[in-house]
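Hi everyone, thanks for coming.

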Amino acid sequence: MTRRLSARAGAPGARILGFGDYRPRRIVTNEEISQRVDTDDEWIRTRVGIAERRFAGDDESVVDMSVAAAGKALATSGVLAQDIDTVIVATCTPPAPIPGLAPEVAHRLGIASAGAFDLNAACAGFCYGLASAADAIRSGSSQNALVIGAEKLTDWTDQDDRGTCIIFGDGAGAAVVTATDSPGIGPVVWGSDGEKSRAISVADRSSFMEMDGRAVYRWATTQLADSAHRACKLAGVDISDIDVFVPHQANLRIVDSMVRTLKLRDDVAVARDIVTSGNTSSASIPLALTAMIERGEVKTGDTALLLGFGAGLTFAGQVIICP
Ligand SMILES: CC(C)(COP(=O)(O)OP(=O)(O)OC[C@H]1O[C@@H](n2cnc3c(N)ncnc32)[C@H](O)[C@@H]1OP(=O)(O)O)[C@@H](O)C(=O)NCCC(=O)NCCS
């Protein structure tokens with residue numbers, strides 16, 4: 001006889017209680033980069049919209065940055081570390097494949113015995129992690145989760161390759177997600193295109209990142225708008241209801257192109273954190289949102305559209321209610 005197993009009942013919804021970030025101390029300007037490779041401030045600002053980015057030092061590992069960002073998110077949300085039961089670290093730049101970083105992050109935060117795992121969906125990682133946390137809460141596997149996006153991309157970037165070294169930076173952002181009666185994280189729309197898996201890749205452990213910038217640019221500006229519309233529809237909101245737009249910070253021209261294609265309201269607060277942070281992959285969305293909240297550009301209760309996309313190729317988007 002095939003036994004029928006019982007399922008756990010979860011909360012009706014999940015919502016974000018607070019964000020936190022960690023920006024490495026060292027600021028690297030375009031001028032500094034142009035002393036090493038053949039480029040200049042104007043080219044970088046015009047083509048990618050970056051003025052400066054942060055490079056992590058030896059004492060700023062992916063785990064260190066995760067712990068700092070998550071500690072701030074816990075403080076902001078008012079949730080105690082001991083009440084967290086799930087820790088997800090979205091990263092594509094761990095120093096080694098084993099062990100995963102999430103158990104150490106949980107331990108250093110004083111979170112005992114949490115379910116803890118790393119997730120690699122590259123620059124879409126934070127949105128994948130948020131969806132996984134929300135689904136775990138809705139299915140009853142979790143009550144309070146920490147979702148962290150953290151990267152040390154400089155470990156994997158050839159600082160002599162002007163096609164990539166101008167773009168990538170380091171940092172971490174985190175969110176505390178909790179069970180709630182009224183959903184504050186809409187259903188995710190996620191997907192991938194593995195046929196383009198070589199568009200952004202690291203060949204092996206002794207190689208640096210290689211990127212077909214044009215292919216990525218074309219894909220991001222032509223293929224993702226439909227997913228953003230579907231994320232709105234699944235959350236039961238219209239694109240005109242969106243107050244805040246936080247796409248992955250890959251390139252300022254991609255951000256501006258998406259704003260035009262999506263026909264967002266003129267007064268929508270748009271994340272442009274790339275100007276001072278560079279592209280920080282899975283950290284970029286929570287880094288940008290934390291800064292926007294701290295500057296008062298985003299208010300409690302605002303409706304935000306998040307859209308992560310990157311290597312894989314992968315993408316994921318969802319609508320959230322801002323804490
Ligand atoms: C990387 C990117 C800025 C390059 O811009 P581009 O307009 O596509 O530039 P190309 O690579 O076609 O190169 C155009 C010229 O600029 C040069 N160039 C490339 N990088 C340069 C730099 N940092 N400074 C000056 N010149 C540069 C190239 O050598 C090339 O010169 P050539 O015409 O003499 O051969 C752009 O493709 C991009 O941002 N793509 C998206 C990448 C991205 O978002 N990645 C992350 C996804 S998560």
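Let's begin at Lys-263, in the loop between α8 (252-262) and β12 (269-270). Helices here (H or I, at least four residues) and strands (E, at least two) are DSSP runs, numbered from the N terminus. Lys-263 has a positive phi of about 55°, although it is not a glycine. Most residues other than glycine have a negative phi, and most peptide bonds are trans.

Before going on, a word on the source: this is a predicted model, where local features need pLDDT of at least 70 and side-chain atom pairs count only at pLDDT 80 or more, while totals for chains, interfaces and linings use all residues. Residues are numbered from 1 along each chain as its sequence is written, and side-chain values use heavy atoms, with hydrogens and water left out.

Now to the peptide bonds. Ile-98 and Pro-99 are joined by a cis peptide bond, with omega about -5°. You'll find Pro-99 in the loop between β4 (86-90) and α4 (102-109). Another cis peptide bond joins Gly-312 and Leu-313, with omega about -10°, and Leu-313 is in the loop between β13 and β14 (314-321).

On to the ligand. How many residues surround the ligand? There are 22, and the closest are Thr-39, Arg-47, Arg-162, Arg-214 and Asn-251; a residue counts if one of its heavy atoms lies within 4 Å of the molecule. By type, the shell divides into 12 nonpolar, six polar and four charged residues.

Let's look at some individual atom pairs. An N or O atom in the Arg-162 side chain is 2.8 Å from an oxygen atom of the ligand. For the side chain of Arg-214, an N or O atom is 2.7 Å from a ligand oxygen. Trp-43 has a polar side-chain atom 3.5 Å from a nitrogen atom of the ligand.

Which elements give two or more residues to the shell? They are α2 (41-47), α6 (213-223) and β13 (303-310). Of these, α6 gives the most, with four residues.

Finally, why does the ligand lie between the two domains? Domain 1 (13-180) and domain 2 (189-321) both give residues to the shell, so the ligand lies between them; the domain bounds come from an automatic or database domain assignment.

Notes: A polar contact is a pair of N or O atoms within 3.5 Å; within protein, one must be able to donate a hydrogen and the other to accept it, and residues adjacent in sequence count only if both atoms are side-chain atoms. Ala, Val, Leu, Ile, Met, Phe, Trp, Tyr, Cys and Pro count as nonpolar, Asp, Glu, Lys and Arg as charged, and the others, Gly among them, as polar.
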